[in-house]
2 protein chains.
Amino acid sequence: MPQPPKRKRDRAATQAALLAAARARFALSGYDATSVRDIARDAGVDPALIFRYFGSKERLFEQAAQSAQDDRDQEAASEDTPEDVPTRLLHAAMRQAPGAEGGHPLAALLLSSGRQDCRERLGARLHDDYVRALTRLVDLPDRELRAELLTAWLLGITVARSLAHTPALSEACVEEISPYFEQVAAVLLGTPPPAAAPGGPSAP
Amino acid sequence: MPQPPKRKRDRAATQAALLAAARARFALSGYDATSVRDIARDAGVDPALIFRYFGSKERLFEQAAQSAQDDRDQEAASEDTPEDVPTRLLHAAMRQAPGAEGGHPLAALLLSSGRQDCRERLGARLHDDYVRALTRLVDLPDRELRAELLTAWLLGITVARSLAHTPALSEACVEEISPYFEQVAAVLLGTPPPAAAPGGPSAP
DNA sequence: GACCGAAGTCATCGATCGATGACTTACCTC
DNA sequence: GAGGTAAGTCATCGATCGATGACTTCGGTC
């Protein structure tokens, strides 16, 4: 994100540029591997402004995470096709191509998992965004366990695509994954399976 | 790992202590969050010996990873009950309790995923230890994709337990997960399901 | 017990990090 | 156009990092 040739003196714009650069860097390299000088350079701004506007690198990270979360909420709110919950979560896990810049919403937390607070934040995010919604769909024993098992699968898909770059999964699109996902979700959640063929799903 | 009161001058023992301390620290906090001074303190040894014996922090990390891999290989070789492949991989993913020290074999790589070489190493490890074995079990279209989907689930279980500390999954034991796992594995791999009941697995 | 090589210790380097505060400059108001 | 305020700049701090090399001390050998 190289700086647009020059920017007028504009506190709001500078803050926004820093926040955007921070989000990109943190999602690409994690907290530790990103320096405030990196972020400031990307934003075309003096590093000292980070501390003037955000107080510390830590608070900038928190605000960047909050900003990403806000984007997600707003995006989810303006959802015009309210698909069923599992499909929506699959789309969330598969968000964006692996080679593209930006990174998955969870990427920054996963890449920063060396820090305990980021691990806790990751657990909270998983609970709020995945487990909570999935638990409501289960009406069987082991409700939470079933929900967490499906959450773990979505999390694993995200990690495999965003971090490990597993080849087949990285290049797959949602439509290729969807039939497998629906069958597995039916098994784990105990909901009526879409096409219960014991020999495997109808391969596309 | 506090030092045993004193150690005679013993190059091999010092190297081993450093390697053990490095494995523990890297598996607990990742590469960046671990300093050579931390490792040396745990081993009860002068930090300079790390560079004398291993050349650099990076090479110490590589040797620590290699050492952990050797342990796994040897452990797998001396497996006296050659269970079927998916079950063996589930046990590998569930290895050890979340609260205990030590950490999952993949923990060091996951915690260090801010470094690109660690991400590549993670992908290679997943391929060698999971995808390769699972692919051979599939005799359907999308062989690799099916294998990677199951790998992603095992990876997600590991991340949920070791990093995110998802409550239900963290406290579960292999026996609780196994029935769900076998059903899902059957769906993804296209192998004969153990008890193909469309309403969900027989809950324990 | 003198000696010598290896194991271990110590002081310190150069780089980089997050962070601070005094300074300069641009823009708005009157 | 003068002046004041806020935006942006700059030099630099203290801590910590990985890494180096000279130094000291132990332990086996003759």
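Ala, Val, Leu, Ile, Met, Phe, Trp, Tyr, Cys and Pro are counted here as nonpolar, Asp, Glu, Lys and Arg as charged, and the others, Gly among them, as polar. On this basis, the surface near DNA strand C in the predicted model consists of 9 charged, 6 nonpolar and 3 polar residues. In total, 18 residues surround DNA strand C, and the closest are A:S35, A:S56, B:R11, B:D46 and B:A48. Both chains contribute helices to this surface: at least two residues each come from α2 (36-43), α3 (48-54) and α4 (57-77) of chain A, and from α1 (11-29) and α3 (48-54) of chain B.

The contact between the two protein chains takes 49 residues from chain A and 50 residues from chain B. On the side of chain A that touches chain B, two or more residues are given by each of α6 (107-111), α7 (116-135), α8 (143-164), α9 (167-171) and α10. The largest share, 14 residues, belongs to α8(A). By class, this side of chain A has 28 nonpolar, 14 polar and 7 charged residues.

Within the contact of the two chains, helix α10 (residues 174-189) of chain A and helix α10 (residues 174-189) of chain B have axes that come within 10 Å and cross at roughly 160°. Because of this angle, α10(A) is roughly antiparallel to α10(B). The crossing is right-handed. From α10(A), the residues A:Y180, A:Q183, A:V184, A:V187 and A:L188 meet B:Y180, B:Q183, B:V184, B:V187 and B:L188 of α10(B). The residues of this helix contact comprise 8 nonpolar and 2 polar, with no charged residues.

Conventions:
Residues numbered from 1 in each chain as written. Chains lettered and ligands numbered in written order. Predicted model: local features only at pLDDT ≥ 70, side-chain atom pairs only at ≥ 80, totals over all residues. Axes fitted to C-alpha atoms, helices over the stretch in contact; angles between N-to-C directions. Helix = DSSP H or I, 4+ residues; strand = E, 2+ residues; numbered from the N terminus. Parallel < 35°, antiparallel > 145°, perpendicular 65-115°, else oblique. Left-handed = near helix turned anticlockwise from the far one by under 90°. Contact = placed C-beta atoms within 7 Å. Near = placed C-beta within 6 Å.
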